[in-house]
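The stops below are meant to be selected one after another.

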Amino acid sequence: MKLLGPLLLALIAAVPIGAALWAVGAQLLDAQAWHALWADPQTLRAWGMTMWTGLASTALVWFTLAHVLASGFIRQQLGRWLSRVPALLATPHAAMAIGLVLWLSPSGWALRLVSPGLTGFDAPPPWFTTQDPWGLGLILALWLKEVPFLLWVAATQMQREDLRRRWQAEYALAQTLGRTPAQAFAHIVWPQLAPRLRWPLLAVLAYGLTVVDMALIIGPATPPTLAVLAWQRLSDADLLTQSQGVVAAGWLTGTLLVACVVTGWLVGAAPSRRMLGHGKRLKLAAATRLPKAVFLSVWPSNGMWTTILTTYIAVWFALTVGSVSGVWPFPQVWPELWTLNAWQQVASSARTVWTTLGLGVASASVCLLWSVAWLELAPRRWQQAMQPWFLLPLVLPSVLWVVGLYSLALHTRLEGQWLGLSLAHAVMVLPYVLLALVPAYQAVDPRQAALVASLGHGRWVYLWRVKWPLLKRAIASAWAVGFAVSVAQYLPTLYVGAGRFATVTTEAVTLAAGAQRSLMSAYAALQMLLPIAAFALAAWLGRPRRFEKIAPMKATP
Amino acid sequence: MHFNKTTTAATSSVGLNRRQTLGVLAATAMPAWAQTPASSWAETLRAARGQTVYFNAWAGSERINAYLQWAAAELQRDFGIQLQHVKISDAADVVKRVRAEKQAGRKDTEGTVDLIWINGENFAAMKQGGLLSAPFAANLPNFQWVDAVGKPTTLVDFSVPTDGLESPWGMAQLTFFADAKRLPQLPQSMNELLALARSQPGRITYPRPPNFHGTTFVKQALIEHAPDVKALAQPVTAAALEAQAAPLWRFLDALHPHLWRGGKQFPQNSAAVRQMMADGELVMALTFNPNEAANEIAAKRLPATVQSWQFAKGTIGNTHFVAIPYNAPSKAGAQVVANFLLSPAAQARKADIDVWGDPTVLDVARLPAAERARFQSTPHAGQVSHSAPALPEPHASWVDALEKEWTRRYGV
């Protein structure tokens, strides 16, 4: 009887995911489409480009994360830095790409500032600075977008009162034993933190390998990445071309799964706790993980973090000017004509904000309730066994999910209805919420529960007065992440909603089909607004308790 | 109506002959599906009252969206129909949705789409897949004003007969635009374009096929270079492709080294080309709407010195349509909307550059004087000054063959 609850919960989440997968799987068994895919000379090159951009950006993100966390932790500035992360996180991927193009393209601001004065150019030079054939622009854009995401997840760990205190103490201890601050962080804190970030890292990897919108704007074009190729095929009216798109997405998924397994093994092989007290093994493990230089202060003071922040500010500034720009010929530094046209458009579609808000709140809340219930009720073994299954929507390309979710909605007659749409959003949101919660849950010290029980209190007292307050930061940020993910959904909203539910994202994407720079910039701002509000709310709800003011063990409110 | 008009003084005998042929074909084909009794229109109007029509239409332009808002207000007032603009970025998505609904066994009134804005390969796919409702176009009272002879593409969509399954809405023709300050001498053919590319290397490009503007550019070059243009109206064969396209590949081989980024890279779409033209990275851009440059000038996104033109011997032209899926719940309402969109008032408003600037499908000369007067408009900066003949699209099957071969040669 005790297992009935978790069993039901597992079914609720697993059945839609399984059904959607089944619908996709049936379409993958198409020999003709596979043959056409292999006969296409673009496939292999596109696949190579995908591997390069996805793996390179993920590796860069990982090293940067280690470096930023190290310098922030050592300088005790992490808390201050992290307060700025939500704004970075809320910047839509496409907006980042547009902003970078505004700076870097041959007609971009970087060159306008020094032309014709220094360069002598009175027309943009024939340089490959955007959509470069080496994918460097895409790697840069991915790097800028994903570092804040991992930082945010790491923050939910490092700012938990119990972990923070423990790690600070251990870090101090390592220094009394003669380690430099960088060594102490690398040998003590990082090895305990890194395995907890394994799944978020896989999400970053999956995103890097399957991203479409960013790759379209700033990625290589000849050939494009495999995800772009699959997406282009899938949006063709011709049936054979479509099925070629499905198998291309399937091939991408296979690649992704292999890459995830390898990366997961590299990062999270050794459990952190066991390593404490085994100095030798610890040193070895840390050394194999990251090159030493990552932790050393190769950058002056807060260099890396300052660079990232500055780039974001530059991108926002470019988007702001872009959104009111009219005619703007090279090499003029400022637009020749200004127009508020784009903002008038944004204002006129304000009602889509309510639809977006409703869907986001509903799906994020449902997923949060489910995740908390699941993590509380399910035996740990179940959670470990089922987790990869629940996280599937995270790693499979969204073009594939849409195929499955939509056919599921059709068979249950839920398409074009609010219920069906919010459930589809929930499937996409669930892995992110779960991902944001699991590390915090795993880190809960089981002795606390025993302690509370030994004091004669029941389970609810433990949950309400000890565990959940400790986890409230993680819970609040999980909800905010879920909300942001719901806001960003385009294809599921279009298909399962039969186009009848206009959200800020569907509005932005359909208008972006006309590719007017001012309009795209303005809509990027609107898309940012809602997630920023959610993250601000989460930060406020999850602000740390002031333990100093409360007498220990007498935690009466 | 000052653009896109098929001039009788066409300089291209090839274009004229083919158009005449098509026109005759269309005129003889018409009665086959145009014989439904017209008396039922009153019934349709009655049934339509109170219906909601979900119109799935590309929404990438604020002008188009505003025009549809106006149409929705008119339809509500005059016919009691609620027109809902379902904003989409690609009609192929809608085709896929209707196909999925059919595969899921949805019956005749159990769909989610009442009307779709469509043409070309999307229409061909829906027609072939049996995804459209019964022929309706000829039953629409306003269909009588459509210029089926002067604009044969109103009945033949990319060489596929419409058979009344879609109702024409507007005209499109491949049009180029450039800033006269930077490009005083406008190329009038693909060969002149090649000469221009040689003199200004890196300043010209076209979107990467299978983007449809890019494919259209290639098709335009094909029509200008093919040894036998008539062969292009027939379904493609390996032999025909080899014979007709050989000069095309020679032309592109010569052109590409002088294009933007050495022809090793191509932009994703025409909007990217337009943006680069506006920024000064390119000297010319292309579009399917002859009034796009005028629109962009009005929106302050292009300087007033930009002008539009079509090649002297003609450029590829086609028509866009509205169609009703087989499972539309509000079929009567959808027909009334299609008829309203064809009305002289709606067509004139659509053709007005200050509103949208989409050329009409009607034969303005045949309209009653009062209706004809609606189509008067003042000239705008950036408009096409001398409209060239509209050349018919090659048969729809050429698209895929050309795109595949293009990708094999230049896309990797």
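Start in chain B of this predicted model and colour its two domains, whose centres, taken over C-alpha atoms, are separated by 28 Å. For domain 1 of chain B, select 13–171 + 319–379; for domain 2 of chain B, select 175–316 + 392–410. Where the two meet, 17 residues of domain 1 of chain B are in contact with 14 residues of domain 2 of chain B.

Show the domain 1 side of that meeting. Helix 1 (13–33) and helix 5 (120–128) of chain B are the elements that give two or more residues to the side of domain 1 that touches domain 2. Helix 1 of chain B provides the largest share, five residues. Sorted by class, this side of domain 1 of chain B has seven nonpolar, five polar and five charged residues.

Stay in chain B and select strand 7 (residues 175–179) and strand 8 (residues 284–287). Strand 7 and strand 8 of chain B run antiparallel and are joined by four bridges. To find one pairing, pick Phe176(B): its bridge partner in strand 8 of chain B is Leu286(B). Now show the side chains of strand 8 of chain B. Met284(B) and Leu286(B) point one way, Ala285(B) and Thr287(B) point the other way, and all are buried.

Next, display the boundary between the chains. Here 47 residues of chain B are in contact with 50 residues of chain A. On the chain B side, the elements giving two or more residues include strand 1 (52–58), strand 2 (82–88), helix 9 (270–279) and helix 14 (397–410) of chain B. Which helix of chain B gives the largest share of the side that touches chain A? Helix 4 of chain B does, with six residues. The side of chain B that touches chain A divides into 18 nonpolar, 14 polar and 15 charged residues.

Move to chain A and switch to a cartoon view. Chain A has 28 helices and zero strands. Of its 557 residues, 52% are buried. Among contacts in chain A between residues at least 6 apart in sequence, 81% join residues at least 24 apart.

Select helix 6 (residues 93–104) of chain A. Its end C-alpha atoms are 16 Å apart, which agrees with the 16 Å that its twelve residues should span at 1.5 Å a residue. Is helix 6 of chain A mostly covered or mostly uncovered? Mostly covered: eleven of its twelve residues are buried. Among them are His93(A), Met96(A), Ile98(A), Gly99(A) and Leu104(A).

Centre on Leu150(A). Leaving aside neighbours within four places in sequence, Leu150(A) is in contact with Val61(A), Leu65(A), Leu197(A), Pro200(A), Leu201(A) and Val204(A).

Terms used: Residues are numbered from 1 along each chain as its sequence is written. Chains are lettered from A and ligands numbered from 1 in the order in which they are written. This is a predicted model: local features need pLDDT of at least 70, side-chain atom pairs count only at pLDDT 80 or more; totals for chains, interfaces and linings use all residues. A residue is buried if 20 or more other C-beta atoms lie within 10 Å of its own, exposed if 12 or fewer, and partly exposed in between; C-beta atoms are placed from the backbone. Two residues are in contact if their C-beta atoms, placed from the backbone, lie within 7 Å. Domain bounds come from an automatic or database domain assignment. Ala, Val, Leu, Ile, Met, Phe, Trp, Tyr, Cys and Pro count as nonpolar, Asp, Glu, Lys and Arg as charged, and the others, Gly among them, as polar. The expected span of a helix is 1.5 Å times one less than its number of residues. Two strands pair if DSSP finds at least two bridges between them.
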